[in-house]
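Q: Please take a close look at one part of this protein: the annotated active site and the elements around it. Keep it brisk.

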Amino acid sequence: MAEAKDIEKLFETDGYLRPFEHEIRRRHGVLEDWLNKINQSEGGLDGFSTAYKHYGLHFQPDNSVIAREWAPGARDVYLTGDFNNWHWESHPFKKLDFGKWELHLPPNEDGSPAIKHLSEIKIIIRNHSGQLLDRLSPWAKYVVQPPKSANQGVNYKQYVWEPPSYERYQRQHPGPPRPKSLRIYECHVGIASQEPRVGSYDEFADRIVPRIKRQGYNCIQVMAIMEHAYYASFGYQVTSFYAASSRYGNPEQLKRMIDVAHSHGLFVLLDVVHSHASKNVQDGLNQFDGTNSCFFHDGARGEHSLWDSRLFNYVEYEVLRFLLSNLRWWHDEYNFDGYRFDGVTSMLYHSRGIGEGFSGDYNEYFGLNVDTDALNYLGLANHLLHTLDSRIITIAEDVSGMPTLCRPVSEGGIGFDYRLGMAIPDKWIELLKEQSDDEWDMGNLVHTLTNRRWMENTVAYAESHDQALVGDKTIAFWLMDKEMYTHMSTMSDPSLIIDRGLALHKMIRLITHALGGEAYLNFMGNEFGHPEWLDFPRVGNNDSYHYARRQWNLVDDDLLKYKYLNEFDRAMNETEERYGWLHSGPAWVSWKHEGDKIIAFERAGLVFVFNFHPQQSFTGYRVGTNWAGTYQAVLSSDDPLFGGHNRIDANCKHPSNPEGYAGRSNFIEVYTPSRTAVVYARVSD
């Protein structure tokens, strides 16, 4: 853990933290106290974080079965299911200390286990009022919603997942090395299908993973894997934390999907939701032991009013065991390579009533403004994960800009590797909704793209999955709207709206990629300008899947212009792979001209020139650079391969002039056409 000299690095990196030194050290001391307590009580974090080996249902070598639960508020606990003809009280658990319960089931007379693979079971809780309540185990590995035709309601049912060895997927590929430059493809298995239905793990592995690889991404971030009863929640109302969603297939099929991704060299991140939980009672964690607390705070602190969900009690010993073990479970059982932690801002600030508006005043990040219990949990989680596997990557969904969030725990930080640059997609949508592009403020745009904490990595992205939900639109649809229905054919009449839309779509993505962070993220389908919006099947749309799918046919049709955006996206990623700007340090912006609508910057030995002007092109335009040599275009958004007008000569050489310009020691002269982005590389000294 951190020593005094290590924590000093925080203040060397950010001097504004010095007035809060006492609290930073105190926070770190609390984390160390928890680790000491776990070491003394459990023999270390390793055993503490593998509670899935103890709790839940476990088959023994002699075919006996042991069931264990934590239900501190229960008076009695029973196991029932088809194995005992649903006699609720015939198999009681034995009460142990600290709210723990245990049941031993001997094998049948023929030596077979009393409970079989795919047996349906339930936990029965007798509360202190004497009522019997049916529940699903918090440790359930496989839960399934009954089909509508069964007329058994909508609550999920728990089925024992203990397949014979020959039905278990055997991992064939190790996880790939941790990428230096992280290019993330955010995806959702269910909506990856082109057909109007829920997609499957197998289809994703066989059809979508090769697409992702071909596009030049080296990481997939998979949403909505942790089981969630309400499909339209996008996976953010988790009901069963240890169960892979059965909508898309069974656990072995998910293991295969991840293994196939690994075979293509793709890192795989899980979208993990430990910020809150669904309020569902009969098929969720809520009121598991018959009380309003158990895994959650009681009263107002345990309720998220905006999300209508429950908030975890991060100071409860068994809750920490449950959550930390959950992280281990997805890594150890399924071979996930890392996590995006959902709702970090809400975890840290909801219970204090701050909301999600932040001024940047450091006082907002300290004192009573912050839920330090949640902060401590996040530090423990990052310490565990990075100790477990040095390859693991963790990303925080954070809009607050909290300092130290992405500094190592060894320095007194919270330990995330990256945070999402959530202001960037908000800025693009604001510009597209409220201003014409000739009104865009170049200085303000650059500020948004570069305004991030020094030495704390950011994932840049141009649009989020949330912004494509019904009521909003993708960037492509904001740019081109109904014209996409009539003028996206290469055979159709020219359209100024489509021409503008294609040009700006490419520019928006490249400047976000190159200037906005130390990693880049794209949501599935947006790389080729997927039209319209997302809308999951629900009562309000007659359970339609029309907008809950990806129209891959659009990009696969050689007669449609979606191919241009797709090819540019691929070339952009391939150029980054070649030059590595995401891991090269921040860019140096030498030029942001409001009248010309030009932005120029250097990064990773490259010179980037963006002309956002709607009409004006410039010849002999001077662009500063600190690196002398001869330059040549290596990527142009105006290339005909990308639907451009071929105004950039890729063979043209641009020798540098040693006269200083724009604060740089050299300059080159280039032709910069309107609505075009060009990347220049040195081809000789």
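A: A contact here means heavy atoms within 4.5 Å. The model is predicted. Mean pLDDT for the protein chain is 95, and 98% of its residues reach 70 or more.

Start with the annotation. An unreviewed UniProt entry labels Asp-342 and Glu-397 as "active site".

Eight strands form a closed barrel, in the order E10-E11-E14-E17-E18-E19-E20-E21, with parallel pairing. On average, neighbouring strands of this sheet are turned by 30 degrees against each other, direction ignored. Strand E17 covers residues 338-341 and strand E18 covers residues 393-396. Four bridges pair E17 with E18 in the parallel sense. Tyr-339 has Thr-394 in E18 as its bridge partner. Helix H8, residues 372-388, packs on the sheet and touches both E17 and E18. The direction of H8 makes about 165 degrees with that of E17.

Take Asp-342. It sits in the loop between E17 and helix H7 (344-349). Its relative accessibility is 6%; buried means under 20%, so Asp-342 counts as buried. Leaving out residues up to four places away in sequence, Asp-342 touches Tyr-236, Asp-271, Val-272, Val-273, Ser-275, His-276, Met-347 and Glu-397.

Next, Glu-397. Its place is the loop between E18 and strand E19 (418-420). Glu-397 is buried too, with a relative accessible area of 12%. With the same exclusion of residues up to four places away, Glu-397 touches Arg-340, Phe-341, Asp-342, Gly-343, Val-344, Thr-345, Leu-420 and Met-422.

One caution about a stretch between these two positions. Over residues 351-355, pLDDT stays under 50. The model has ten contacts for that stretch beyond four places in sequence. Where pLDDT is low, the predicted coordinates should not be read in detail.

Finally, the wider setting. The domain assignment gives domain 1 (51-160), domain 2 (422-572) and domain 3 (588-683). The C-alpha centres of domain 1 and domain 3 lie 66 Å apart. An open sheet of four strands is also present, in the order E1-E2-E5-E4, with antiparallel pairing. Strands E1 (56-59) and E4 (94-95) stand at its edges, each with a single partner strand, so one side of each is left without a neighbour in the sheet.

Terms used
Residues are numbered from 1 along each chain as its sequence is written. This is a predicted model: local features need pLDDT of at least 70, side-chain atom pairs count only at pLDDT 80 or more; totals for chains, interfaces and linings use all residues. Side-chain values use heavy atoms; hydrogens and water are left out. Domain bounds come from an automatic or database domain assignment. pLDDT is the predictor's confidence in each residue, from 0 to 100. Two strands pair if DSSP finds at least two bridges between them. Helices (H or I, at least four residues) and strands (E, at least two) are DSSP runs, numbered from the N terminus. Axes are lines fitted to C-alpha atoms, for helices over the stretch in contact, and angles run from 0 to 180 degrees between N-to-C directions. UniProt positions are given in the numbering used here, feature names are shortened, and annotations may be inferred rather than shown by experiment. Buried means under 20% relative accessible area, exposed over 50%, partly exposed in between (1.4 Å probe, protein chains only).
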